[in-house]
Amino acid sequence: MLPAKAVTIPCRKTRIGHWGNAVPTNLVNLDALIPREDFEIREDAVRFEQRDRIAINDLNPGFFYNALRKPDFQRETSGWNAPKIADLVTSYLSGDLIPAVILWQPENGGSIFVIDGAHRLSALIAWVRDDYGDGDVSRSFFKNQLPPEQVAAAERTRKLVKGTVGSFAEHLAATQYPEQSRPEVRARARRLGTLAVIVQWVNGNADKAEQSFFKINQEATPIDPTELRILRARKHANALAARAIMRAGTGHRYWEQFTEEYQKGIETMAAEIHRILFSPPLVTPIKTLDLPVAGRSYSALTLPLIYDLVNLANGETPLTPAEKAKTPKKGEKVKEIPKPDLTDPDGQKTIRYLSRVRTTVQRISGTHSSSLGLHPAIYFYSTMGRHQPTAFLAVVGFIMELEKREQLKVFTGHRERFEDFLLAQKDMVNQIVRRFGGGLKPFYRLKNFYHFVYEAIKAGKDDAQILSELEKHEVFAFVKALPAYEEETEQQDFKTSVKSGAFLKAALEAPRERCGICHARLHVNSISLDHIVRKADGGIGTLDNSQLAHPYCDSTVKN
C-alpha cells in the first residue's frame with residue numbers, strides 16, 4: 001500500500017445560493033445507490049459490528065452494503081459533477097487520505113445510516129457498479145424516467161473515470177488475467193484489497209444522530225436555507241409535495257407510510273405537475289420556442305423553486321413587506337400568530353397541497369380548459385435565454401391575484417399589450433432582481449411591477465406614459481428602459497447564451513401564431529382549436545370556421 005498523503009476532497013455539497021446566477025446542469029445523480037429510510041426501531045433487528053474501515057468489496061451487494069441507508073432527512077446525493085467523482089475514485093485508488101465517513105446504528109441494531117459522507121461512498125459504489133445515475137439500480141429507482149441531463153451527466157462521468165483510472169471491471173479482470181491488463185491498472189488492482197475508507201461512529205439515540213447530521217453539515221459548508229427548511233419539514237405536506245413533484249412521483253417514496261390509494265394519488269398528480277412544469281426538457285443553446293415554463297428539471301435550483309411554488313399555491317408565502325415592517329422591536333410584546341400544523345399523518349394534506357399546485361400550474365400552461373397558455377419566452381426567460389425563477393413565481397402570484405379579484409377575463413382583453421410591453425422591456429425584470437437580490441426577496445416587488453404595468457395598460461396609457469410614470473414611482477424609479485443585456489466577452493466564438501439570445505430575438509420578432517380571440521402569442525403546449533362561429537350559434541367544424549386560441553380564451557372568454 002502506498003503511503004497515505006492528505007488531499008483535498010470535496011466531501012460536502014457545494015453551496016449554491018437560492019436562485020443564484022449559476023445553474024449547474026452537469027451534476028451526477030447518485031441518489032439511488034444508497035436507499036433512504038426513516039429512523040425506526042425494530043425489535044428483530046440485527047446489530048452489526050462497528051467496524052472502523054469500509055473496504056471496496058463491502059460496497060458490492062452483500063451484508064454490509066445491503067444494510068447501508070441514508071436518513072430520510074439527508075440531502076439528495078446529486079451535488080457532485082464528473083470531475084469530483086473521478087477525483088474521489090482516483091484518490092482512493094492512489095491510497096490518498098479521504099475524509100472519514102460518519103455512520104450511526106440504532107442501539108438495538110438494524111440499518112446502518114450514513115450521517116456524513118454519502119457522496120464519497122456513493123461515488124465509490126458508482127464505480128464498483130458502473131452506475132452513475134443511469135445503471136440498473138438508478139433506472140429501477142426512478143422507474144426508468146431519467147431526465148436527459150441525468151443520462152448525459154452519467155455518460156460524461158463514466159467516460160472520464162475510464163479515461164482517468166479505468167473501470168472497476170477492468171481492475172477486477174486484472175486480478176484474473178494480469179498479462180492482458182495495462183501495467184498501471186495491474187498495479188492498482190494488486191493493492192485494491194488493502195485500501196479502505198475510514199469510519200467514525202455516532203453513538204446515542206436517533207435524536208442525537210439527527211442533531212449530529214445538521215451540526216456536521218452546517219459547520220463547513222452551510223446547507224442552502226430553503227433546502228434546510230425542506231429537510232427539517234420533511235414530514236410536512238409542503239415538503240412531501242415538493243419532493244414528489246421534483247422526481248415526477250419516482251425515486252425515494254417519502255410518502256410510503258400512507259395508504260396505497262394516497263400513494264398512487266400523490267405519484268399520479270406529481271407526475272402530471274412535473275410534466276406541465278418541465279416538458280419538454282430544456283436544451284441549450286435554445287433553438288426552439290417550445291420551452292418548459294419552469295426551466296430545467298435537473299438542477300440544484302429545481303427543488304427550492306418547486307418548494308416555493310407549492311407554498312405559493314397553498315398560501316404559505318413569506319411575510320409581505322408591510323408585515324415585515326410590523327415586526328416587533330427587541331423587548332416589545334406582540335401577540336403570536338400560531339403557525340399551521342403541516343405535519344401529514346395520513347397523506348390527506350399532501351394530496352390537498354398537490355391538488356392546489358396542479359390547479360395553479362394548469363392555469364399557467366397546458367391544455368386544460370383553464371389554461372392561459374402563458375408564453376415561457378415572454379414571461380419566464382431572459383433575453384439571453386436564462387430561465388428566471390423569480391419571474392416565474394412573481395407571474396404565478398400575479399395571475400393568482402387576478403383570479404382572486406375575478407379579473408382574468410379583463411386581463412385577456414389587455415393581454416396582447418401587456419405582453420408586448422414586457423417583451424420590449426425585458427431587462428426591467430433583471431434590474432428588479434439585481435436590485436433586491438436573489439430568491440424571494442424581489443418576489444413582491446416584481447409581482448407589484450406586473451400589477452403596475454397591467455393597471456396602466458388597462459387605463460389606456462401607452463408605453464411612453466408608462467415609462468414616464470415609472471421614473472416618478474417611489475419604488476420603481478430606478479427601473480430604466482435599457483437595451484437587451486449582453487455579457488462582456490473577449491472570446492471570438494459565440495457563447496451558449498448569445499446563441500440562445502440570437503434565436504429568441506429572431507423568433508419572437510418574427511410573425512408568430514396568435515390567439516384568434518385575445519391576439520396574444522400562442523405557445524405550442526397550450527393551443528386549443530376554436531370554432532369562429534360557435535357551435536351553439538350553428539357553427540360547423542370546417543377549416544374556414546376554425547382558429548387557434550388559448551384554452552382559457554376558447555372555453556371561458558368567448559363563452
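How many bridges pair β6 with strand β7 (residues 112-116), and in which sense, parallel or antiparallel? β6 and β7 pair over 3 bridges in the antiparallel sense. Strands pair if DSSP finds at least two bridges between them. Strands are DSSP runs (E, at least two residues) and helices are runs of H or I (at least four), numbered from the N terminus.

This is a predicted model, where local features need pLDDT of at least 70, side-chain atom pairs count only at pLDDT 80 or more, and totals for chains, interfaces and linings use all residues. Residues are numbered from 1 along each chain as its sequence is written, and side-chain values use heavy atoms, without hydrogens and water.

**Strand β6**

Strand β6 spans residues 101-104. β6 also runs parallel to strand β8 (residues 196-202), joined by 4 bridges. Val 101 has Val 199 in β8 as its bridge partner. Trp 104 is partnered with Phe 113 in β7. Both faces of β6 are covered. Val 101 and Leu 103 are buried on one side, Ile 102 and Trp 104 on the other. Buried means under 20% relative accessible area, exposed over 50%, partly exposed in between (1.4 Å probe, protein chains only).

**His 387**

His 387 sits in the loop between α15 (376-379) and α16 (389-404). His 387 counts as buried because its relative accessible area is 17%. Its side chain makes two polar contacts, listed below. A polar contact is a pair of N or O atoms within 3.5 Å; within protein, one must be able to donate a hydrogen and the other to accept it, and residues adjacent in sequence count only if both atoms are side-chain atoms.
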